[in-house]
Amino acid sequence: MYKTYLFNTGISNLLSVDHALKKLNYDVVKIDNFIDIEEGCLVVVPGVGHFDNIMNKLSTSNFKKTDLLIKEKKIFFLGICLGMQILFENSEEGTSKGLGYFEGSVRKLSNRFNGGKHISTNVGWKNVQIKNSTLDKFNNNQFYFVHQYEAIPRNERDIFATTTLFDQSVAVGVKKDNVCGIQFHPEKSGTVGLEFLDFLIKDFCG
Amino acid sequence: MRIISRLDIKNKFLIKGLALEGLRKIGNAKDFSTKYFHEGIDEIIYIDTVASLYSRDGIFNLLMETVKEVFVPITVGGGIRTVKDAYRYFEHGADKIFLNTSAVKEPKIIDELVNNFGSANITLSIETIKDKDSQTWGVYTSSGRDKSERNLRDWIVEATERGVGELFLTSINNDGFQKGYDIKLMNDVLEYSNLPVVLSGGFGNLRHLEEISKDLSGIAIGSSLHYGTISIPQIKSKMKNLGFEIRDV
């Protein structure tokens, strides 16, 4: 099975992702810094936390070389929840620059959905629409979300999964070459979530 | 709408009482949460009833064991006073944390937590009792033992501004009696809050589901599940019939 580095952001639900990947028989190595990342491997950055906090953590964890490996398409990179948001250029949550692998920015949900009965946190299980032939069987399955910010990709073609909030479409999965991000938590979405995570990684890492 | 099982924890044991008092040991908490996961629960909340008094080792071990087998979100709290306390819950497997007592006493802890962990993963737990004379809702701490000076509505407004991402609302009068949720409380809070609200305290009969609002984000269920009087599939099927959006398992 793929060697999978799981980055400990210091503030995340690391154990949940760790156990999910182990349950799926991945060879998981938890890392606090990126010094010895092997080419051809998968790096997973899990969610939970604050945008600036996680960007600071990356900059103090020897991420530079890994950043180059990602840009040279020599490793695969999967971000979950906040891990997806940092793949964009910037976020309204903080002042740090994002990684910029995807064009677009991260905005507060309440900027788009406000007033009346609108709820500021998207928390709970939502149907996800998937435009990807390998992952087709998961189309319209329910996954667990908990976030207040949304990534808004500039390029429609980067989006492979969406959900609907207050009758409007929200991008919740992006993929381009060797970089992938998902807003929901497959590691916390029951048995279906685990299966999705496995399919996603295999599809994406080829 | 999420169906959330509420487990009050003492060390590694599931306990339950009436009106948050008179606690009784029911069994090993991990066995219960694993069973609920397989039956289709949407989320689990662990409430550590002793953390503020003694050590947290019991709940940490329980959490670490639980996340090996339970692949739905686990919200945990009890005795969180500092960012470090919260960090340690996340480190041991929590997906979300909640706080009550420390926030009521020193609200700026909310700002600190939000700056570290983001808003979405911080839940404010509220324990409330309606005052018989003034007919206003009081805010209580320490598992309903102490009454604070705060008024419910003002407190929710303040905590929302400081950045909590969700409200977990327990009616102390109703908790454990299985006589139904506090519907007046629910309607009151839903009217002015734009945070997701989880209602807790009082579920005991499928009929009680007919009274709840579709604007709730979740309901918490304790005793009925723990004592096995009502099952998760029964609850979900009833809610589906009532037109709620429910997660299929």
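Two strands count as paired if DSSP finds at least two bridges between them. The model is a predicted one.

Q: In what order do the strands of the open sheet of 9 strands in chain A lie, and which are the edge strands?
A: The pairing in this sheet is mixed, and its order is S2-S1-S3-S4-S12-S11-S10-S7-S8. An edge strand pairs on one side only. In chain A that applies to strand S2 (27–31) and strand S8 (141–147).

Q: Which strands does helix H1 of chain A touch, and what angle does its direction make with that of S1(A)?
A: Helix H1 (residues 14–23) packs on the sheet. The strands of chain A that helix H1 touches are S1 (3–7), S2, S3 (42–45) and S4 (76–80). With the direction of S1(A), the helix makes about 170°.

Q: Why does the radius of gyration of chain B agree with that of a compact globule?
A: A compact globule with 249 residues would have a radius of gyration near 18 Å. The value for chain B agrees with this, because it is 17 Å.

Q: What percentage of the residues in chain B is buried?
A: A residue is buried if 20 or more other C-beta atoms lie within 10 Å of its own. Among the 249 residues in chain B, the buried share is 53%.

Definitions and conventions. Residues numbered from 1 in each chain as written. Chains lettered and ligands numbered in written order. Predicted model: local features only at pLDDT ≥ 70, side-chain atom pairs only at ≥ 80, totals over all residues. Helix = DSSP H or I, 4+ residues; strand = E, 2+ residues; numbered from the N terminus. Contact = placed C-beta atoms within 7 Å. Axes fitted to C-alpha atoms, helices over the stretch in contact; angles between N-to-C directions. Rg over C-alpha atoms; globule rule 2.2 N^0.38 Å. Buried ≥ 20, exposed ≤ 12 C-beta atoms within 10 Å, placed from the backbone.
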